[in-house]
Amino acid sequence: MTLSPFTIALIGVIGLLGIGFYGLMISRNLIKIVVALQIMVKGALLGLVAAGNANGQIGLGQSMALTVIVADTIVAVMGIALGVQIRRRLGSLDVRDLSSLRG
Amino acid sequence: MLTLLLVAILLIFAIQAIRARALITSALWLAGVSALSSVLFYSYGAHLVAVIELSVGAGLVTVLFVFAINIAGDDAIQAQSVPPWTLVTALVALFVLLLGWFVLGVPVVAPVSPVAEAPLSVILWQARGLDLMVQVVLIFSGVLGLLGLLAEAEAPLKGSMAAEVAARRDREMQTLDSQILQIEDVRK
Amino acid sequence: MLTTLTLLTIGLPWLGAICILLVGDDHRRLLNILAASFAVLAGIAAVAALPLATSQAILLASLGGVFGDFTLIPDGLALSVAAIAAVVGSLAVIFAIDYMKHSQQLARFYALVLFFIGAMVGLAVSGSLLFTFLFWEITAFCSYALISFHNDDPRAVRGGIQALIMTQVGGIGLLAGALLVYAYFGNYQVNSLLEGFQAVPPGVLSLVAFGFLVAAAAKSAQVPFHAWLPDAMEAPTPVTALIHAATMVNAGVYLLARFYPAFAAVPGWRLSVMAVGVLSALLAGLLALTANDIKRVLAYSTISQLGYMVYAVGCGAIFAAQFHLFSHAIFKALLFLSAGAIITSIGTRDLMRMGGLRRPMPFVYAAFVIGSLGLVGLPIANGFFSKELILEGGLTEGPFAFYLLMLLGAGITALYTIRLLWMVFHGERRGPEPAHDGLPAMRVALGLLAFGTLTTWLLAGGFSRLLADTLPLHGIEAESTWALVQQVCLAPATWIALGVIALAFGIWFIRSKLTAPAETLRPLASAGFGLEELPRRIADWTDRAAVSLQITQSGQLNWNVVAIPLALIAILFVLLGFK
């Protein structure tokens with residue numbers, strides 16, 4: 001079965017998204033959660049680039065991917081900074097300790 | 001063929017990043033994911049994004065992670081995950097299956113007459129100029145947020161809350177004082 | 001000009017609410033000044049718009065197919081209700097300056113009150129049923145938020161939830177009617193229904209008519225939807241005066257009056273409206289006879305007087321109903337605010353712990369007496385003229401049996417009013433010493449309202465001309481004030497009513513000989529004849545359901561994340577289903 005490059009990329013996208021979700025739901029460490037987020041964003045980037053390639057509009061795909069990279073880097077930075085501050089103030093990075101709701 | 005191999009290794013790296021016990025290992029596997037996806041981007045013709053992804057994703061973000069792990073400590077949390085493992089796996093499997101079925105059935109229609117695309121710089125600066133402004137705003141707000149987040153001193157409280165907090169502190173000081181006096185009395 | 005004034009009447013309170021929220025809780029004096037000025041300005045705008053009233057709808061904005069046109073109908077009916085809401089509302093805000101002197105979260109209070117006033121004005125002047133419904137819901141929300149303002153008191157919270165649920169039931173009736181109108185006319189315009197109602201099949205018209213009746217009964221606290229009003233007395237007194245005298249409960253009567261021409265021909269509708277009015281007037285009157293909380297007596301009295309208005313609408317006496325709405329807003333606000341002055345002065349709401357307050361609180365006593373004159377319907381107060389007009393209208397247009405029952409209701413009104421007056425101000429002192437005789441801001445509000453009670457009946461002629469000119473479909477005849485006064489004073493119905501009132505006063509003074517009937521009535525009435533149990537149960541059940549749903553809010557990040565793939569899977573199912 002000949003897979004077009006686009007289909008291969010789509011498999012990669014779906015796989016990365018799935019792995020990212022798994023990591024988000026499983027991890028108890030805040031920094032690990034940021035790592036999982038990053039993996040999901042890599043998947044999105046791959047999808048954008050592959051779509052641009054398949055459509056013949058790679059310039060458009062790159063522009064959008066650039067915006068996503070900037071946004072995602074800032075998210076990573078903020079997440080890490082939050083993690084550091086939480087570790088300092090509350091003493092723990094465990095997700096279970098970070099809830100004060102009584103539900 | 002090569003692309004398929006690269007994607008397969010990419011997925012393996014990602015799984016390893018999630019499964020790693022120590023945080024440093026996880027960050028290093030993430031760097032590997034970034035590097036591999038950079039190679040993939042290049043192979044799809046997105047040269048600019050490949051370079052940026054390599055320097056930002058594999059470079060900057062990894063350095064940040066290492067820095068944060070140094071500050072925050074590398075205690076790996078061994079306990080059970082909060083939602084049960086079976087539920088998570090089932091959800092992810094269902095999601096992957098549905099998405100695959102939905103997406104892979106889409107026929108890819110290449111443009112009938114491949115329109116000569118404008119050079120990248122034109123697209124970036126003119127057609128998507130607004131995106132660039134958004135990026136500037138994002139970076140600016142990110143820097144501001146970071147400064148606020150990493151501020152050491154507590155912000156001064158405003159108005160009535162300050163009065164309440166001050167009153168509470170006074171009461172606590174008084175109880176402490178009376179306790180000290182009691183201890184001194186006992187000692188005498 | 002008219003559009004600007006009407007929009008100012010809606011927009012000024014809302015602008016004031018935003019300004020107050022921005023100022024925050026710390027600058028109390030600034031908050032007081034802001035709230036009072038915005039409310040008074042809105043009142044001035046509303047009154048200034050009155051002479052300009054027209055029966056033409058004004059198109060504000062065309063919002064496309066689904067939402068229809070946002071129009072205003074600034075006719076006499078709408079503008080009078082709006083003016084009542086704005087003016088009495090501003091007096092309640094002035095009163096609140098002293099009443100809420102020691103309260104926390106003042107910004108939230110004032111913002112909600114102003115938001116409420118603006119929404120009520122919008123409800124009255126809106127020409128599109130959809131926007132009427134929107135403003136209806138906003139007033140319901142504001143009433144809930146204000147009734148449960150002291151949200152650490154479980155009784156207040158329960159009262160608020162009760163009010164919200166019961167008025168929502170009414171809201172469903174209104175929405176159903178609005179949707180049916182849209183189905184048959186293609187738009188939500190009020191004028192479409194009023195002018196073209198003959199095109200609607202009779203069954204559907206009945207549905208709309210009774211849907212609106214349910215909505216009006218729930219909003220105006222008529223039987224069987226009346227139970228939320230007495231329990232809503234937990235609100236701070238200015239809120240009570242605002243919601244339960246001046247604004248929200250008038251929305252139901254307004255709705256019935258507005259659509260009377262369209263529904264008058266629906267078989268059984270007029271009779272049902274009259275029956276609802278008579279039942280409420282009598283039942284609430286009996287309940288007021290045995291209540292021991294001063295605000296509760298006034299609450300039942302509100303239900304009873306609204307029953308009179310609803311009865312008048314059912315008889316077709318639209319002018320009498322609106323005139324009584326106007327008079328009632330003034331004298332009921334006066335009574336509620338006087339009660340508020342008494343409550344802050346003594347510190348209790350229990351009638352058994354009052355008494356003998358005539359000497360230490362002469363100003364409040366005078367205000368209360370004037371308000372009572374209006375409530376009972378004695379000459380010189382505005383309530384006399386409006387109530388007699390209603391009784392006359394009932395005598396000529398409605399079943400005679402209903403007229404007799406309403407006459408009985410007038411007697412009961414007199415009885416519980418003199419009971420209230422006696423227990424609070426006469427006799428021996430049974431409770432604490434009063435701290436003050438009405439603080440300055442309170443006195444301003446009370447004085448203005450008392451003056452209004454004694455003089456606003458002079459506006460009757462102008463009012464009837466306003467309604468007759470701008471409501472072509474309602475069959476109102478304009479009469480001058482002098483003609484109306486003559487008509488009321490010379491009618492035999494008036495003398496009969498005055499005789500019944502005198503009889504009621506007499507009964508009070510020989511009450512020690514009448515203990516037997518009183519004792520049989522008391523336990524039934526104290527339990528509200530069983531009708532108040534159901535809403536309390538519903539409110540409790542809502543509370544318990546909310547508590548049991550807390551488990552979904554675990555606060556754990558991982559569980560919150562689980563919701564994301566779940567939602568995505570649901571979306572994918574839907575998308576795949578469409579393929």
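**One chain in its setting**

Modeller: Buried residues make up 54% of the 579 residues of chain C; a residue is buried if 20 or more other C-beta atoms lie within 10 Å of its own, exposed if 12 or fewer, and partly exposed in between, with C-beta atoms placed from the backbone. This is a predicted model, in which local features need pLDDT of at least 70 and side-chain atom pairs count only at pLDDT 80 or more, while totals for chains, interfaces and linings use all residues. Residues are numbered from 1 along each chain as its sequence is written, and chains are lettered from A and ligands numbered from 1 in the order in which they are written.

Chain C is divided into domain 1 (2-531) and domain 2 (542-577), with bounds from an automatic or database domain assignment. The centres of these two domains, taken over C-alpha atoms, are separated by 43 Å.

A compact globule of 103 residues would have a radius of gyration near 13 Å, but chain A has 17 Å. Along the principal axes, its C-alpha trace spans about 50 × 30 × 20 Å.

Chain A meets both other chains, B and C. Two residues are in contact if their C-beta atoms, placed from the backbone, lie within 7 Å. With chain C, 10 residues of chain A are in contact with 12 residues of chain C. With chain B, the contact takes 66 residues from chain A and 68 from chain B. On the side of chain A that touches chain B, the elements giving two or more residues are α1 (5-26), α2 (30-55) and α3 (58-90). The largest share, 24 residues, comes from α3(A). By class, this side has 39 nonpolar, 21 polar and 6 charged residues; Ala, Val, Leu, Ile, Met, Phe, Trp, Tyr, Cys and Pro count as nonpolar, Asp, Glu, Lys and Arg as charged, and the others, Gly among them, as polar.

α2(A) packs with α2(B), residues 23-43, at an angle of about 5 degrees, and the axes are 11 Å apart. Axes are lines fitted to C-alpha atoms, for helices over the stretch in contact, and angles run from 0 to 180 degrees between N-to-C directions. α2(A) and α2(B) are therefore roughly parallel, since angles under 35 degrees count as roughly parallel, over 145 as roughly antiparallel, 65 to 115 as roughly perpendicular and the rest as oblique. Among the residues that make the contact are A:Ile31, A:Leu45 and A:Val49 of α2(A), and B:Leu23, B:Leu30 and B:Phe41 of α2(B). The residues of this contact divide into 12 nonpolar, 4 polar and 2 charged.

A:Asp94 is placed in the segment after α3 of chain A. With 16 other C-beta atoms within 10 Å, A:Asp94 is partly exposed.

How values were computed
Helix = DSSP H or I, 4+ residues; strand = E, 2+ residues; numbered from the N terminus. Rg over C-alpha atoms; globule rule 2.2 N^0.38 Å.
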